[in-house]
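Please open the model in a viewer and keep the sequence panel at hand.

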Amino acid sequence: MRDEKGLAIGELSRRTGVNIETIRYFERVGIVATPPRTSGGRRVYGAGHVRALGFIRRARELGFTPAEVRAILSLGGPAQASCSEVREIAAHHLERVRAKMADLAQLESLLATTIDRCEGDGAASCAVIELLDQYTTT
């Protein structure tokens, strides 16, 4: 439903791909500005809400934590944030991404080696089962 002043929450949700309950949550915790309401009590959203929610959704898709997104938004968000301050947050995030990638590379190597050791022929011993079981019998 469209109001002459802006968007209803359902339309905002459709445009941004953000669930209605998530939008309301973001309002409650102060990540997104609380919109004005019509005389009937319905929230009315504008272009700034569309941009902010799209920004938040994209930042989350890129793996930024809610705290990092909140920090970027507190710096002024997509319209006003200082590039140097946002860069610092992004650099910290990149460090975490690289650490996760290193952990995943180790995991990939361990799994590949284990699978290579597994005969897969129905034998009683299985390298994959042994790998999974080694942590449960400590």
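In general, side chains of opposite charge can pair when their charged atoms come close.

**The whole chain**

Now display the entire chain, bearing in mind that the model is predicted. The average pLDDT is 88, and 93% of the residues score at least 70. Colouring by confidence will show the highest mean, 95, in helix α1 (residues 9–16), and the lowest, 44, in strand β1 (residues 2–3). There are 7 helices and 2 strands, and from the N terminus the order is β-β-α-α-α-α-α-α-α.

Along the principal axes, the C-alpha atoms fill a box of roughly 70 × 35 × 25 Å. The radius of gyration is 23 Å, whereas a compact globule of 138 residues would have one near 14 Å. Buried residues account for 25% of the 138 residues.

**Residues 6–75**

Select residues 6–75 next, which an unreviewed UniProt entry lists as "domain: HTH merR-type". This stretch is 59% helix and 3% strand, and its end C-alpha atoms lie 26 Å apart.

**Two further salt bridges**

The search of the whole structure finds 8 salt bridges. One of them joins the side chains of Glu21 and Arg24, at 2.9 Å from N to O. These two residues are 3 positions apart in helix α2 (residues 20–28), so about one helical turn lies between them. Glu21 is partly exposed at 45% relative accessibility, and Arg24 is partly exposed at 25%.

Move on to helix α3 (residues 47–61), where Arg58 and Glu61 are 3 residues apart, again about one helical turn. Arg58 forms a salt bridge with Glu61, and the closest N and O atoms are 3.3 Å apart. Arg58 is partly exposed, at 47% relative accessibility; Glu61 is also partly exposed, with a relative accessible area of 47%.

**A nonpolar patch**

Finally, select Leu104, Leu107, Leu111 and Ile115 and show the surface. Together they form a nonpolar patch with about 370 Å² of accessible area. Leu107 belongs to helix α6 (residues 83–117) and is partly exposed, at 42% relative accessibility.

Terms used. Residues are numbered from 1 along each chain as its sequence is written. This is a predicted model: local features need pLDDT of at least 70, side-chain atom pairs count only at pLDDT 80 or more; totals for chains, interfaces and linings use all residues. Side-chain values use heavy atoms; hydrogens and water are left out. Patches are made of residues with over 30% relative accessible area and no salt bridge: like charges are joined within 9 Å, nonpolar side chains (Val, Leu, Ile, Met, Phe, Trp, Tyr) within 5 Å. Accessible areas come from the Shrake-Rupley method with a 1.4 Å probe; for residues, only the protein chains shown count as cover. A salt bridge is a side-chain nitrogen of Lys or Arg within 4 Å of a carboxyl oxygen of Asp or Glu. Helices (H or I, at least four residues) and strands (E, at least two) are DSSP runs, numbered from the N terminus. Buried means under 20% relative accessible area, exposed over 50%, partly exposed in between (1.4 Å probe, protein chains only). UniProt positions are given in the numbering used here, feature names are shortened, and annotations may be inferred rather than shown by experiment. pLDDT is the predictor's confidence in each residue, from 0 to 100. The radius of gyration is taken over C-alpha atoms; the globule rule is 2.2 Å times the number of residues to the power 0.38.
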